[in-house]
Amino acid sequence: MRREFRLPDVGEGLTEAEIVRWHVQAGDEVKVNQIVVEIETAKSIVELPIPWDGVVSGLLADEGRTVEVGRPIIAVDTAEESGETPSPAEAEGQAKVLVDDLVPKPPAEGAVEPGAHGSPAPKEERQSVLVGYGVKTGATRRRPRKRPDTTTEGPPPAAPSAGAPAAEEPPTTIPAEPVANPKRVEVAAAPVHEAPGPITVLAKPPVRKLAKDLGVDLTTVTGTGPQGSITRDDVHAAAAAQAPVPETAPAAPGQREERVPIKGVRRMMAQAMVASAYTAPHVTEFLQIDVTGTMEAVRRLRALPDFAEVKVSPLLLVAKAVLTAARRHPMVNSSWDEQAQEIVVKHYVNLGIAAATPRGLVVPNIKDAHTLSLPDLARSLAELTETARAGRTQPAEMAGGTITITNVGVFGVDTGTPIINPGEAAILAFGQVRDLPWVVDGELAVRKVTTLSLSFDHRIVDGELGSRFLRDVGDMLEDPLRIMAWS
């Protein structure tokens with residue numbers, strides 16, 4: 001039977017998406033939950049699984065084409081003899097289920113958040129059939145089949161013998177009573193084939209996640225770590241070895257201009273930046289500081305066992321300083337609610353990290369970053385940036401940010417005037433660290449110096465509050481011991 005898979009809404013009101021890359025071709029056999037296509041939404045690259053077993057009969061959308069939600073993108077011939085192609089309404093329901101998996105929902109009224117006292121919030125039970133596609137128990141009802149109105153009685157037709165063609169049923173021979181158990185093939189009934197036993201690989205969970213994000217098969221990687229374990233460097237080396245060399249088409253003779261379509265992540269970034277720049281009155285302040293103490297602290301942290309196989313950079317201490325300063329000055333970690341005419345002060349920090357990717361700027365955030373220890377914060381920063389650069393950041397990972405850091409120093413510049421991420425009140429830019437002459441105890445010395453800049457929404461943060469926040473961050477980076485004292 002031919003089934004058509006329709007493009008679902010993967011979150012936050014998606015109306016269309018671009019087909020980036022097909023993982024299958026016509027004639028390929030597919031299994032339940034197999035990834036068949038990558039799409040680019042307005043925020044990220046998303047992989048879509050297929051909910052059936054079968055053989056691909058056709059790709060209904062070419063790579064590079066923008067498709068509206070609900071339109072068929074792939075056809076699959078399944079082994080079932082009966083059933084129906086999902087209607088647009090069913091496809092919409094299927095899409096909503098996928099949204100549940102990708103975009104976090106607020107807790108229901110009366111529910112208790114994890115870690116709070118009392119009974120846990122009740123969970124909606126789902127049939128665990130495959131990742132990203134499931135149905136709520138009791139939520140799906142089958143439409144009754146329409147049958148002609150007849151009073152003709154007679155036995156139901158006998159089933160044809162194996163290998164014999166089915167004879168056409170006479171139009172007058174229709175059972176008066178409905179079939180007790182009409183054959184209906186649901187997604188939940190699709191068989192899940194057991195995979196062969198996995199090959200044992202020595203690798204820590206963060207390394208396994210990095211390998212998954214970069215598309216590296218760990219069973220093909222030779223580990224250089226202790227007892228042959230696989231490290232991050234091993235994964236990066238394997239990814240570099242298998243990366244194809246991009247082919248650059250020569251420019252046409254006399255070509256002086258090129259037009260690049262504005263779509264996907266770049267279009268979303270442009271809309272967000274314009275909305276922020278023309279909605280929030282921006283003010284930017286600058287502070288040049290001596291970070292010799294921070295650089296020494298980074299060197300000592302790298303030697304500690306707790307930070308083994310974890311990248312420790314000055315950004316780690318900048319992030320910790322911002323988290324500490326946000327606790328000391330909560331209004332900086334807030335948002336403006338125009339409709340309610342209220343300032344929403346957030347007593348948690350979802351720390352955004354601006355990341356430049358080939359497809360545009362994305363700002364994923366570390367949820368509840370204020371609760372993390374320094375080693376856990378270092379791991380979260382590394383995983384977040386690696387996932388973003390690989391283009392695998394999911395919409396849920398970019399939602400709900402409260403304050404952002406942009407590390408412009410990696411590009412060799414001193415500072416900038418960053419635009420506030422929509423829904424937040426401030427963003428801190430961290431410039432490059434350079435050797436500069438500095439006065440220390442009345443004597444001229446060469447020190448490690450950087451420049452911080454803080455852009456803030458002047459509706460929420462006035463000049464005094466913004467200056468105090470920036471000065472606190474600077475003081476903690478000049479003397480990292482203050483981070484411990486103020487935490």
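# Reading strands, burial and ring pairs

Author: V55 faces D77, a residue of strand 8. The model is predicted, so local features need pLDDT of at least 70, side-chain atom pairs count only at pLDDT 80 or more, and totals for chains, interfaces and linings use all residues. Residues are numbered from 1 along each chain as its sequence is written, and side-chain values use heavy atoms, with hydrogens and water left out.

Reader: What counts as a strand, and how many are there in the protein?

Author: Strands are DSSP runs of E, at least two residues; helices are runs of H or I, at least four; both are numbered from the N terminus. The protein has nine helices and 19 strands.

Reader: In which sense do strand 6 and strand 8 pair?

Author: Two strands pair if DSSP finds at least two bridges between them. Strand 6 (residues 54–59) and strand 8 (residues 72–77) are antiparallel, with four bridges. They belong to an open, antiparallel sheet of four strands, in the order 1-8-6-3. Strand 1 (2–6) and strand 3 (29–30) are at the edges with a single partner strand each, so one side of each has no neighbour in the sheet.

Reader: How is a pair of aromatic rings described?

Author: By the distance of the centres and the angle of the planes. Rings of Phe, Tyr and Trp (its six-membered ring) pair if their centres lie within 6.5 Å; planes under 30 degrees apart are stacked, over 60 edge-to-face, the rest tilted. This structure has one aromatic pair. F5 is in strand 1 and W52 in the loop between strand 5 (45–49) and strand 6, so the pair ties together parts 47 residues apart in sequence.

Reader: Is F5 buried or exposed?

Author: Buried means under 20% relative accessible area, exposed over 50%, partly exposed in between (1.4 Å probe, protein chains only). F5 is buried, at 0%. W52 is buried too, at 5%. Buried residues are 39% of the 487 in the protein.

Reader: What does the side chain of S335 touch?

Author: A polar contact is a pair of N or O atoms within 3.5 Å; within protein, one must be able to donate a hydrogen and the other to accept it, and residues adjacent in sequence count only if both atoms are side-chain atoms. The S335 side chain makes one with the side chain of K346, at 3.3 Å. S335 lies in strand 10 (residues 334–337). Its relative accessible area is 10%, so S335 is buried.
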